[in-house]
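Hi,

Here is the structure I said I'd pass on.

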Protein chains: 2
Amino acid sequence: MSVERRSRLTPDARRAQLISAGVSFLADHTLDDLTIDVLAARGGVSRALIFHYFDSRQGMQRAVVQAARDALLHATLPRPELAPEQRVHDVLVRITSFVADHRGTFFSLVRGPASGDPTVRALVDEARAANAERLREALIELGEPDSSALRLALRSWVAFAEETFVALASEQADATAAQADHLPEDLIGFLELTLTGVVAAARKARI
Amino acid sequence: MSVERRSRLTPDARRAQLISAGVSFLADHTLDDLTIDVLAARGGVSRALIFHYFDSRQGMQRAVVQAARDALLHATLPRPELAPEQRVHDVLVRITSFVADHRGTFFSLVRGPASGDPTVRALVDEARAANAERLREALIELGEPDSSALRLALRSWVAFAEETFVALASEQADATAAQADHLPEDLIGFLELTLTGVVAAARKARI
């Protein structure tokens with residue numbers, strides 16, 4: 001890419017382009033591998049420009065994780081026009097499809113940044129909390145009584161679902177060609193049944 | 001501690017003592033904070049001796065995480081003399097008590113080392129797999145049919161339980177003095193009910 005062509009981008013557009021290159025990088029690398037040098041090479045810009053936009057490696061990683069998290073939350077935004085039951089089903093369909101299409105990004109989010117930078121951890125925890133809250137809203141519309149047990153069950157169930165995606169992916173990575181992938185509808189059914197199971201359990205719990 | 005006194009320990013005992021100092025350190029620090037300098041200071045030995053025993057910071061961290069994981073698995077080893085239902089209940093009682101007594105160590109295990117070193121990640125994943133397998137053995141004794149859905153549900157439920165412990169701890173950290181801690185028996189009841197819920201869900205799932 002020539003200097004002339006690059007110089008046409010506004011600073012905001014350049015920054016967005018670099019963040020997007022960082023998110024793509026996460027598709028097949030961990031966050032730890034995302035260095036200033038890597039992003040400079042991927043974005044076709046100098047290290048100095050990366051520092052100009054993000055101040056530090058940490059600032060750059062935070063911006064990339066935030067963008068990846070926002071992409072996940074955007075892709076799985078509940079459709080308010082659907083009835084609550086269909087809305088939950090639709091979100092599970094779409095998150096399953098997001099994970100299938102952006103497996104590396106999803107794994108970087110749910111497993112990659114757990115250690116190290118507390119800001120990155122907080123960004124990812126916010127996504128888990130947001131997903132639990134969306135489920136709670138739909139369930140309350142369905143007549144589920146609100147309770148601290150329900151909130152705890154939904155938050156922990158989001159971790160359950162994340163582990164399910166991670167476990168199936170590592171199983172597939174180990175599998176021989178003879179073993180087929182799980183059907184998305186079976187996975188969605190499993191998630192729906194376990195969600196219903198923990199919600200019913202929370203109703204009986206005193207916590 | 002004098003050189004004379006230190007020299008009385010055999011190399012194996014000295015190594016074990018250093019690992020134990022590292023595990024104690026995790027009680028109120030993350031794995032990232034565990035450096036060669038920290039362990040040398042805690043163990044009252046030179047940096048050179050730490051390198052002698054563990055080769056590298058990574059080697060030292062791996063040894064400490066392995067010891068912390070083994071402590072957790074040992075503390076929650078099922079008691080074979082109990083009937084399967086009591087055995088599951090007893091393990092939930094003991095893991096709840098382990099987390100209350102060793103909160104920092106537990107958090108370092110379940111959340112700290114998720115990024116970075118794949119060997120550390122594998123150590124922690126093994127603990128999750130071991131806990132899921134123990135549950136599976138007890139459930140099969142109780143007549144639960146074995147299936148891939150059951151295995152997946154149990155593995156994911158261990159992540160559910162970990163998230164429950166982490167969520168309650170951060171809730172307590174944020175709570176005012178007026179809010180009491182959750183009663184351990186309520187927490188154990190919540191875990192038992194949700195475990196039963198996901199096992200029943202797995203029975204209906206096709207995955």
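Let's start with where the two chains meet: 36 residues of chain A are in contact with 36 residues of chain B. Keep in mind that this is a predicted model. On chain A's side, helix 9 (148–174) and helix 10 (184–204) each put in at least two residues. Helix 10 of chain A gives the most, with 12 residues.

How are the two copies related? Chain A superposes on chain B through a rotation of 180 degrees with 0.0 Å of shift along the axis, and the RMSD comes out at 0.0 Å. The copies are therefore related as by a two-fold rotation axis. Both copies use the same surface, too: 100% of the contact residues of chain A recur in chain B.

Next, the inside of a single chain. Chain A is divided into domain 1 (3–64) and domain 2 (68–204). The C-alpha centres of these two domains of chain A lie 29 Å apart. Where they meet, 10 residues of domain 1 of chain A are in contact with 11 residues of domain 2 of chain A. Which elements give two or more residues to the domain 1 side of that meeting? They are helix 2 (11–26) and helix 5 (57–75) of chain A. Helix 5 of chain A gives the most here, with 4 residues. The domain 1 side that touches domain 2 in chain A divides into 5 nonpolar, 3 polar and 2 charged residues.

One more element to click on, this time in chain B: helix 7 (residues 103–110). Helix 7 of chain B is mostly covered, with 6 of its 8 residues buried. The buried ones are Thr105(B), Phe106(B), Phe107(B), Ser108(B), Leu109(B) and Val110(B). And what covers them? The cover over the buried residues of helix 7 of chain B includes helix 2 (11–26), helix 5 (57–75), helix 6 (84–101), helix 8 (118–141) and helix 9 (148–174) of chain B.

Cheers

How values were computed. Residues numbered from 1 in each chain as written. Chains lettered and ligands numbered in written order. Predicted model: local features only at pLDDT ≥ 70, side-chain atom pairs only at ≥ 80, totals over all residues. Contact = placed C-beta atoms within 7 Å. Least-squares fit on C-alpha atoms with pLDDT ≥ 70 in both. Domains from an automatic or database assignment. Nonpolar A, V, L, I, M, F, W, Y, C, P; charged D, E, K, R; others polar. Buried ≥ 20, exposed ≤ 12 C-beta atoms within 10 Å, placed from the backbone.
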